[in-house]
Amino acid sequence: MNHTDIHPLSGGLALSVPTNAHIDATLHTAPLAPQLYLPLVDYSRTVLQPNVTLGQSVLAGQSVARGIIAPSSGTITAYIEHSWPHPSNTQVPTLVLQSDGQDRFIPIDHVHPLERIEAAAVHGLGGAGFSTAAKIRKACEFGRPTLVVNAVECEPGIACDDALMQQQPRAVLEACRSLIELLGVYSAQFAIEDDKQLALNALQACEPEQYAVDIVTLPVIYPSGAEAPLIQRLTGIALEYDQRAADVGVVCLNVATVLSIHNALQGRPAVDRIVSITTQDLHHSINIRTRFGTPVNALMTFAASINPAIATALQQNSSTITVGGPLSGFQKTLDTSPILATTNALLVGPADPVPTPSACIRCAECTVACPVNLLPQELYTAAVTEDIDTANRYLLDVCVLCGCCDLVCPADIPLTSWFRFAKDAKRQRQQEQTAATLARARSDNHNERETRRAQEKAEADAARRAQAAQRKESAADIKAAIARAKNRRPRS
Amino acid sequence: MSGALTHNRLGVKRLKTSTIMSSVMLALIPGSILMVYWLGPGVLMNLTVSVLVAVACEALCLRCRQRAITPMIADGSIVLAAWLLALCLPPAFPFGPLIVGTLAMCVLGKHLYGGLGQNLFNPAMVGYAVLLVSFPTAMTTWTQPGELTAFNDTANWGSWWALKWHGVSSLGGSWDAITQATPLDHLRSLERQSLIVDVDALHSPPWRALSLAWLAGGLYLLVRGIIRWHIPVAMLVAAALTHLAYRFFFPEYSLPLLPALFYGALMLGAFFIATDPVTAPSSVRSRLCYGAGIGVLSMVIRTSSNYPEGVAFAVLLMNATTPLLDRWFVLDKRL
Ligand code: SF4
Ligand code: SF4
């Protein structure tokens, strides 16, 4: 497929990166941290119940809660409230795993491939961190879906997929092939932006046709790497507000996720990811393979030890980092928050001062820039007033938190932060509602049980009484009969 | 908050609110100079008084609402609104009503809604409507272009001063000579009397030149990317079509198309008033719809009502539909 087949995206931005940026595509591997932190929440922030006990030793790949596995072997030493890389700056229930340094793995040997993926706890490494097994299962319902491998890593400062493709092109293509076989499709569309020349060369050198991989190069537009915009550019289909890719028969998986799936099928659980560490000015970037649960500050120390520019940046600002890229990321204090499946990049160094926002003048620049055709200014008003219903009406769920609107807003309003906040508030509210519904259901059940019990009791009582009455009656009958008999006797 | 908020980060062009406002004012300058030149010091007085009163009133409102004063005035939005209002008023418009109109603009049009960005209606047009309803005669009495316009003549300034304080009657019996109804009104009464209209004679060059100046300013804004084309183009096309329809069904409205478009406030309205970001809708389709609505209504009001000019009411009417259009089109697009 060439450029003419690519559909236009309404909105999005053509970003330019610093031309003298030094991006190190070597894959470094972070040392195993002595303590790994495992937040027990899923992508929708539902708190999960641990299924291990304190003091229990676990192997890498062993489940510690639904959908969460131990990233290395060791002992569960604590169950605490701990910070996590989330813009809300909250703490969540977290298991602490003291690693034993031996890194023993539990084999994944389920027969069914989907079960294997599930047991390996493969989560999307690109965006929201959905469970991959669930995604594939949904896509399989569709029959023969279109498989899109998403290598469009379009945000500047994030190069983890780029590095992966440059370093392990053959492994990537093999992973694509095994996914093609798993889904029973004919080929995969491998979407990559045309500025990743080195990665493209590396992939082309491995003859992607042999792996039934069709490489599609897209002209660079941010944020084509988000699922909805990517599908629009590849197929021309704009997803409806309540649709996901699977609903239009597309299964869209990040390239690193595809490799994780492949590894899972081979029996290796998903215990790590590549994290880009980049200076705030985007001039220096390195990529480190990191175990999930590794504290961010430990990773930073390692990054500083291998790259002097990052060490300098860290010295200049050792208190806060940006989690994610320069547009979609959020600021976070540098602490022992763990690396998660969604932590694709960390920006380090002095951040630009945040200008004071002024009033929205409804210029609609944000509307023009929005890749999914929302009205950010209306969403903003709704988010500020915490009016979740209005935000829903303006399709809050469709927002991909790309940050395009922020970048063009003449009033300097941090729109994306507000939307992140609103999404979080909505999720929390939904959870409260679910909890309330559950509680109500429980109490309803309880009441019903009570009523039923009372009813049964009453029925039983009534039956008993009836029986007793009957007995009394029959006793009376007998008495009467005897009396009659007695009375009759003298006469006879 | 992400670190991406600096200007022109990552090569993305980003305007500041104050840049937008000051560019619009820059684009207004040629037309305003022309207007002062043709219509005399009265226009300049209108502008000065309106801007001063508006800034003072804005500061007072912000103070009462306990907001920071300087950044809000520095963004230029209130100066721009006052400027636009003043451009819509006759040169001999007295100071008293002028102040009333400016206050109405600032308080009714802006701060009662919650200040910049919150107002549903275009503040300048709110001020204009208030004035037109309250002072109909003064609002429709225009001095003849070219009369009393010498700037170096102190007597002239004196006449204007008197005119502005005491109204047109201060000039005694001679005021008839220098005033006329709005140019359009004048034209219309001629038409209605079915006089043979020598269009060229009525083509008073100042009005046409003025419209051209607004058009030039508008094009500058388009090129700078301060406004987008959808609203002005939709508005002018719709106005032209409406006018042609009138001409077709009622041939007595015999004004040819171009003079009709270049008379009155259509150009000023299309590029500077209808495009006010705060009160216009946001998506492309809703903008087209909004612009077309203003175009049609302007021509209908201008031709079929007793008001001399329809742009202000058309803008206000369409302002009211803005939230609807936005919701309609953005949801429609997605559902
Ligand atoms: S870009 Fe900013 S000022 Fe313009 S409409 Fe959007 S939020 Fe408002
Ligand atoms: S952050 Fe959301 S609203 Fe803003 S441009 Fe991106 S998708 Fe649109």
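## Salt bridges overall

Searching the whole structure turns up 17 salt bridges over all chains. A salt bridge here means a side-chain nitrogen of Lys or Arg within 4 Å of a carboxyl oxygen of Asp or Glu. Side chains of opposite charge can pair when their charged atoms come close.

A quick word on what you're looking at: this is a predicted model, where local features need pLDDT of at least 70, side-chain atom pairs count only at pLDDT 80 or more, and totals for chains, interfaces and linings use all residues. Residues are numbered from 1 along each chain as its sequence is written, chains are lettered from A and ligands numbered from 1 in the order in which they are written, and side-chain values use heavy atoms, leaving out hydrogens and water.

Start with Asp100(A) and Arg104(A), a salt bridge whose closest N and O atoms are 2.9 Å apart. Asp100(A) is partly exposed at 31% relative accessibility, and Arg104(A) is partly exposed too, at 40%. (Buried means under 20% relative accessible area, exposed over 50%, and partly exposed in between, using a 1.4 Å probe and protein chains only.)

Next, Asp272(A) and Arg289(A) meet through their side chains at 3.4 Å, N to O. This pair links distant parts of the chain, 17 residues apart: Asp272(A) sits in strand β12 (residues 272-279) and Arg289(A) in strand β13 (residues 284-291), both of chain A. Asp272(A) is buried, at 13%, while Arg289(A) is partly exposed, at 22%.

Asp412(A) and Arg14(B) are buried.

## Around ligand 2

Ligand 2 has 13 residues around it, and those that come nearest are Cys370(A), Cys399(A), Val400(A), Cys402(A) and Cys405(A). To be near, a residue needs a heavy atom within 4 Å. Two elements of chain A give two or more residues to this shell: α13 (404-408) and α14 (415-491). Helices (H or I, at least four residues) and strands (E, at least two) are DSSP runs, numbered from the N terminus.

## A four-stranded sheet

Chain A also has an open, antiparallel sheet of four strands, in the order β2-β7-β6-β3. Its edge strands, each pairing on one side only, are β2 (35-39) and β3 (57-58). Two strands pair if DSSP finds at least two bridges between them, and β2(A) and β7(A) have five.
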